[in-house]
Amino acid sequence: MPTKKKPQVTAPKKPTAAAAQARRHELLGTAAEVFAEQGYNATTVRTIADHAGMLAGSLYYHFDSKESMLEEILRTFLDELWDGYDTVLASGLGPRETLEALVIESFREIDRHRAAVAIYQKESKQLVAQDRFAFLADSQRRFEKAWLSTLERGVAEHVFRADLDVRLTYRFVRDTVWVAASWYRPGGQHSPEEIARQYLSMVLDGIAERE
């Protein structure tokens with residue numbers, strides 16, 4: 001009698017590198033939203049997995065801890081921020097144009113990484129004490145230097161007022177730009193560039209009617 005052939009069992013295909021990277025990016029986006037909403041300390045791996053629609057154990061296939069997820073979220077945001085900032089700072093613009101370009105770039109980053117900006121705002125003071133997140137302090141120093149040097153150059157070149165308190169102005173600009181992450185939602189009525197232009201109009205020209 002002829003023997004029956006055993007059915008062949010095909011091993012499940014491994015996801016392609018592109019698919020795996022896309023899934024990793026998706027999971028980081030989910031984690032960023034959860035961290036921003038619930039706070040880093042209050043968020044568990046299980047919470048992130050629940051929001052991603054997967055088992056907590058499956059999440060460990062992609063990341064070894066929630067710390068590694070947070071680090072990648074913040075590094076990605078800051079790397080992109082500094083790519084934009086460094087391009088602006090190296091472009092040879094005047095001080096006012098540099099300030100305008102930095103503000104526009106900041107709003108673009110809020111559009112791309114709103115949740116990461118919110119995490120940075122809420123958690124950085126606590127995180128910088130950990131060696132793993134020392135890069136946050138380095139970025140803060142670079143950030144302060146970039147803005148202060150632009151303002152100081154503007155005063156020296158008589159583009160900004162001679163009596164301008166550059167450090168106070170820096171703090172005002174910094175805080176009022178980045179607090180936008182608390183209310184901004186990508187895909188809204190206004191583009192990040194439009195919001196930046198409105199913001200710059202208020203900062204540089206004021207809101208009072210001109211006589």
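Arg142 lies over the face of Trp82, 3.8 Å from the ring centre. Lys66 does likewise with Tyr40, at 4.3 Å from the ring centre. For a charge to sit over a ring, NZ of Lys or CZ of Arg has to be within 6 Å of the ring centre and within 35 degrees of the ring normal.

A word on the ground rules: this is a predicted model, where local features need pLDDT of at least 70 and side-chain atom pairs count only at pLDDT 80 or more, while totals for chains, interfaces and linings use all residues. Residues are numbered from 1 along each chain as its sequence is written, and side-chain values use heavy atoms, leaving out hydrogens and water.

Now to the rings themselves. A search of the whole structure turns up twelve aromatic pairs. Rings of Phe, Tyr and Trp (its six-membered ring) pair if their centres lie within 6.5 Å; planes under 30 degrees apart are stacked, over 60 edge-to-face, and the rest tilted. Here are two of the pairs:

| Pair | Centre distance | Plane angle | Class |
|---|---|---|---|
| Tyr85 and Phe143 | 5.7 Å | 25° | stacked |
| Phe143 and Trp178 | 6.1 Å | 55° | tilted |

Helices are DSSP runs (H or I, at least four residues), numbered from the N terminus.

Buried means under 20% relative accessible area and exposed over 50%, with partly exposed in between (1.4 Å probe, protein chains only).

Ring pairs also join Phe77, Trp82, Tyr85, Tyr120, Phe143, Trp147, Tyr170 and Trp178 into a cluster.

So where does Ser106 come in? Ser106 is found in helix H5 (residues 95-112) and is buried, with a relative accessible area of 0%. Leaving aside neighbours within four places in sequence, Ser106 is in contact (heavy atoms within 4.5 Å) with Tyr85, Trp147, Val177 and Trp178. The side chains of Ser106 and Tyr85 are also joined by a polar contact of 2.6 Å.

Terms used: Helix = DSSP H or I, 4+ residues; strand = E, 2+ residues; numbered from the N terminus. Polar contact = N/O pair within 3.5 Å; in protein donor to acceptor, adjacent residues only side chain to side chain.
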